[in-house]
Each structure stands twice: as C-alpha cells, then as structure tokens.
Amino acid sequence: MGFKKIATISYIRGIRKEVRFKEFLKLAAEAFAALPDDFKPFVDLDEFTKDETFHVKTQKVGVNDPCPCGSGKKYKKCCGR
C-alpha cells in the first residue's frame with residue numbers, strides 16, 4: 001500500500017468522523033459518481049461506507065450493589081457520586 005493511498009484513506013476517514021453517517025454516504029456516492037470511469041474499478045466504495053458502529057452491552061449497577069471498581073463499598077458511596 002503506497003503512501004498516497006494511506007494518506008487518502010486517512011483523509012476520507014477524517015471527513016467521515018466530522019459529518020453524520022448518512023451525510024457521508026451521500027457525499028461518498030456523489031464523489032464516486034464524479035470519478036472518471038477509468039478510476040472507478042480501483043475505488044472500493046464499500047471500504048469507506050460500511051457502518052463500523054458497535055454497541056457494548058454493560059450490566060447496570062444499582063446504587064446498593066457492590067461497586068464494580070472492586071473497593072468493596074456500595075456503588076452509591078464509591079463511584080456513584
């Protein structure tokens with residue numbers, strides 16, 4: 001992978017972080033449509049437009065449960081302030 005390709009990917013991902021995902025999809029489709037036909041086979045649009053959002057399930061801690069930090073105190077007296 002060449003330096004220019006790495007710089008381009010970094011630039012595109014930076015833009016993606018600045019705009020909402022739906023807006024980014026629209027911009028990516030417009031940019032791809034504007035490319036000359038000679039370049040389109042070399043651009044993988046899915047590489048930039050796949051949704052990378054992931055959700056982590058965490059167990060909820062009640063105020064009277066032991067604190068998850070391991071102090072041995074109740075959550076409300078420790079980290080629940």
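Guide: Let us begin with a single side chain. This is a predicted model, and in it D37 has a relative accessibility of 59%. D37 therefore counts as exposed, because the cut-off for that class is over 50%.

Visitor: Which residue does the side chain of D37 meet in a salt bridge?

Guide: The partner is K40, with a distance of 3.6 Å from N to O. K40 has a relative accessible area of 23% and is thus partly exposed, since that class lies between the limits of 20% and 50%.

Visitor: How many salt bridges does a search of the whole structure find?

Guide: The search finds one.

Visitor: How should I read the overall fold, and how many helices and strands does the chain have?

Guide: One lists the secondary-structure elements in sequence order. Here the chain has three helices and zero strands, which gives the pattern α-α-α. The helices are α1 (3–18), α2 (21–34) and α3 (45–49).

Visitor: What percentage of the residues is buried?

Guide: Of the 81 residues in the chain, 10% are buried. As for the surface, the chain exposes about 7,300 Å², and 57% of that area is supplied by carbon and sulfur atoms.

Visitor: What share of the contacts joins residues 24 or more positions apart?

Guide: Among contacts with a separation of 6 or more, such pairs account for 31%.

Visitor: Which residues form a nonpolar patch on the surface?

Guide: F39, F42 and V43 form the patch, and together they have about 350 Å² of accessible area. V43 is located in the loop between α2 and α3. Its relative accessibility of 34% makes V43 partly exposed, and V43 can belong to a patch because the requirement there is over 30%.

Visitor: Which residues lie nearest the centre of the largest pocket?

Guide: The lining comprises 18 residues, and those nearest the centre are T8, I12, A31, V43 and F48.

Methods:
Residues are numbered from 1 along each chain as its sequence is written. This is a predicted model: local features need pLDDT of at least 70, side-chain atom pairs count only at pLDDT 80 or more; totals for chains, interfaces and linings use all residues. Side-chain values use heavy atoms; hydrogens and water are left out. Helices (H or I, at least four residues) and strands (E, at least two) are DSSP runs, numbered from the N terminus. Buried means under 20% relative accessible area, exposed over 50%, partly exposed in between (1.4 Å probe, protein chains only). Contact means heavy atoms within 4.5 Å. Accessible areas come from the Shrake-Rupley method with a 1.4 Å probe; for residues, only the protein chains shown count as cover. Patches are made of residues with over 30% relative accessible area and no salt bridge: like charges are joined within 9 Å, nonpolar side chains (Val, Leu, Ile, Met, Phe, Trp, Tyr) within 5 Å. A salt bridge is a side-chain nitrogen of Lys or Arg within 4 Å of a carboxyl oxygen of Asp or Glu. On a 1 Å grid over the protein atoms alone, a cavity is a set of points where a 1.4 Å probe fits but cannot get out, and a pocket is an open set with protein on both sides within 12 Å along at least five of seven lines; lining residues have an atom within 4 Å of a point.
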